[in-house]
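Here are my notes on the model, point by point. Please read them with the coordinates open.

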Amino acid sequence: MAKDRNQNEDYGGPLRRLMLGVLVLGLLGLFLLWRIDSPRVEQLRAAVIDKVVPNLDWAMAPVTGTVNLLRDFQSYQRIFEQNQELRRELQQMQSWKEAALQLEQENARLLDLNNVRLDPRLTYVTGVVSADSGSPFRQSVLLNVGARDGIVDGWAAMDGLGVVGRISGVGASSSRVILLTDTSSRIPVTVQPSGQRALILGDNTIAPPIDFLEDAARVRPGDRVITSGDGGVFPSGLLVGRVAADPGGRLRLRMAADYERLEFLRVLRNHASPGIDTPGNLIVPPGMLPAPPEEEAADG
């Protein structure tokens, strides 16, 4: 048995060397043949390619799949990098937004300190919030200014940033301010820059809804909301807040006024708005009111 093993080894070594030499000579001949620039050789190369390459599709399938997988991985990697970049940009935009809001509030406070008025006809009386009578059913505060200070029902009340509410009830030395969040509050406003008219409807929440928009599709979150002056309820051009959207998609108002720290309020004197002296003026014009009984007896 040992002799047979030695004989196999004696024949195996030269046979491997012979096959290796034949393979090298064949590859060298194929290389030389492939390098020959001749029409016949070109036809031979084309015939070999037509015969061999289609039969190698099964062998190329793993290579093709691997290449496609690498391309998909590179594509996913680029998408991931773009997503990370967009997240960083969004964080930067949020920080810029917060900085802009802080600057807006600071500017409003500076305007308040310098007594800057956009409309010179509007003067104001500053009062201290002496009591907060807010409840689940009524949102109002009391001021320490009243009739002796010239306060009139219906005048607008503001803090240093935006509209807070309106005067509803005046005493000799105090007055009540109904906040915009109260359910009885209805404020006509204009949404900028689209110029859409709407109403702010109080619902006892810090973000009352914006309703009765002419074209809601033209209004976007972040748009500025100011008083429109319609109906003579408020002077026009007073900042109320900005548009926001709740999770349900309904447009709401993000108040400009700081409702958590209402310490001082300015009551705007608006002598241009018509006053209501008698209940009859709510129904018919003054010229059409029935004459009192004494005047009718004198005429008779």
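1. Surface. The protein chain has an accessible surface of about 20600 Å², and carbon and sulfur atoms hold 58% of that. Areas come from the Shrake-Rupley method with a 1.4 Å probe; for residues, only the protein chains shown count as cover.

2. Basis. This is a predicted model: local features need pLDDT of at least 70, side-chain atom pairs count only at pLDDT 80 or more, and totals for chains, interfaces and linings use all residues. Residues are numbered from 1 along each chain as its sequence is written, and side-chain values use heavy atoms, with hydrogens and water left out.

3. Overall make-up. The protein chain contains four helices and twelve strands. Helices (H or I, at least four residues) and strands (E, at least two) are DSSP runs, numbered from the N terminus. Of the 300 residues in the protein chain, 26% are buried. Buried means under 20% relative accessible area, exposed over 50%, and partly exposed in between (1.4 Å probe, protein chains only). Among contacts in the protein chain with a separation of 6 or more, 52% join residues 24 or more positions apart. A contact here is heavy atoms within 4.5 Å.

4. Core. The largest nonpolar core counts 39 residues. Such a core is a set of buried Ala, Val, Leu, Ile, Met, Phe, Trp, Tyr and Cys residues joined through side-chain atoms within 4.5 Å. Val177, Ile210, Tyr259 and Leu265 have the most contacts inside it. Leu265 touches Val177 as well as Val125, Val141, Leu143 and Met158, among others, leaving aside residues up to four places away in sequence.

5. The six-stranded sheet. Which order do the strands take? An open sheet of six runs E8-E7-E6-E9-E10-E11, with antiparallel pairing. E8 and E11 are the edge strands, each pairing on one side only. Two strands pair if DSSP finds at least two bridges between them. E6 and E9 run antiparallel and are joined by four bridges. Thr190 stands opposite Ile226 in E9.

6. The E10-E11 hairpin. Strand E10 (residues 239-245) pairs with E11 in the antiparallel sense over five bridges. Gly241 has Met255 of E11 as its bridge partner. Five residues separate the two strands of this hairpin, and Gly249 in the turn has a positive phi of about 90°. Is E11 (residues 251-255) mostly covered or mostly exposed? Mostly covered: four of its five residues are buried.

7. Backbone points to check. Most residues other than glycine have a negative phi, and most peptide bonds are trans. The bond from Gln192 to Pro193 is cis, with omega near 10°. Pro193 sits in the loop between strand E6 (186-192) and strand E7 (196-201). Asn204 is not a glycine, yet has a positive phi of about 65°. Asn204 lies in the loop between E7 and strand E8 (210-211). Asn204 counts as partly exposed because its relative accessibility is 22%. Phe212 also has a positive phi, near 60°. Phe212 belongs to the loop between E8 and strand E9 (224-227). At 56% relative accessibility, Phe212 counts as exposed.

8. Ser140 is in strand E2 (residues 140-143). Ser140 is buried, because its relative accessible area is 0%. Its side chain makes a polar contact with the side chain of Arg176 (3.1 Å). A polar contact is a pair of N or O atoms within 3.5 Å; within protein, one must be able to donate a hydrogen and the other to accept it, and residues adjacent in sequence count only if both atoms are side-chain atoms.
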